[in-house]
Amino acid sequence: MGKALEITDSTFEELIQGEKPVLVDFWAEWCGPCKMIGPVVEQLAGEYEGKAVIGKMDVDMNSSVPAKFGIRSIPTLMIFKGGQLVDKVVGVVPKTVLEDKLNAQVTATV
């Protein structure tokens with residue numbers, strides 16, 4: 001079973017450059033809604049293993065990347081492909097919404 005990667009300011013750029021879509025969950029320990037969507041992100045990590053990269057970035061420990069993307073509300077989930085931001089969700093959403101967004105990127109050609 002896959003587990004969401006811990007993404008940091010120093011690993012972010014290299015990670016999003018790959019051909020596979022990358023879902024990044026920007027979260028914080030103190031954030032209630034983040035704790036609600038956290039298990040969903042972990043489930044997706046297992047279900048999309050080999051098809052997409054699923055990771056989490058703690059905004060309290062990593063400030064550069066969240067600042068670069070102007071993240072003001074968490075959880076914010078962003079999907080990158082080929083180094084580009086291709087989709088974004090702010091707040092808690094049903095798992096199906098994230099699956100639809102990921103599936104669109106998994107099946108899309110670069």
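Biologist: Why does Phe 69 count as partly exposed?

Modeller: The relative accessibility of Phe 69 is 21%, and since buried means under 20% relative accessible area and exposed over 50%, with partly exposed in between (1.4 Å probe, protein chains only), Phe 69 counts as partly exposed. This is a predicted model, in which local features need pLDDT of at least 70 and side-chain atom pairs count only at pLDDT 80 or more, while totals for chains, interfaces and linings use all residues. Residues are numbered from 1 along each chain as its sequence is written, and side-chain values use heavy atoms, with hydrogens and water left out.

Biologist: What makes the pair of Phe 12 and Phe 69 edge-to-face?

Modeller: Rings of Phe, Tyr and Trp (its six-membered ring) pair if their centres lie within 6.5 Å, and planes under 30 degrees apart count as stacked, over 60 as edge-to-face and the rest as tilted. The ring centres of Phe 12 and Phe 69 are 5.8 Å apart and their planes stand at 70 degrees, so the pair is edge-to-face. Phe 12 lies in helix α1 (residues 9–16) and Phe 69 in the loop between α3 (64–68) and β4, so the pair ties together parts that are 57 residues apart in sequence; helices (H or I, at least four residues) and strands (E, at least two) are DSSP runs, numbered from the N terminus.

Biologist: Which residues do ring pairs link into a cluster?

Modeller: Ring pairs link Phe 12, Phe 69 and Phe 80. Phe 69 and Phe 80 are also edge-to-face, at 5.3 Å centre to centre with 65 degrees between the planes. Phe 80 has 1% relative accessibility and therefore counts as buried, and Phe 12, with a relative accessible area of 0%, is buried as well.

Biologist: How do you know that β2 and β3 pair?

Modeller: Two strands pair if DSSP finds at least two bridges between them, and 6 bridges join β2 to β3, which run parallel.

Biologist: Why is β3 described as largely enclosed by the rest of the structure?

Modeller: In β3, 5 of the 6 residues are buried, so this strand is largely enclosed by the rest of the structure.

Biologist: What makes Lys 56 lie over the face of Trp 27?

Modeller: A charge sits over a ring if NZ of Lys or CZ of Arg is within 6 Å of the ring centre and within 35 degrees of the ring normal. Lys 56 lies over the face of Trp 27 at 5.0 Å from the ring centre.
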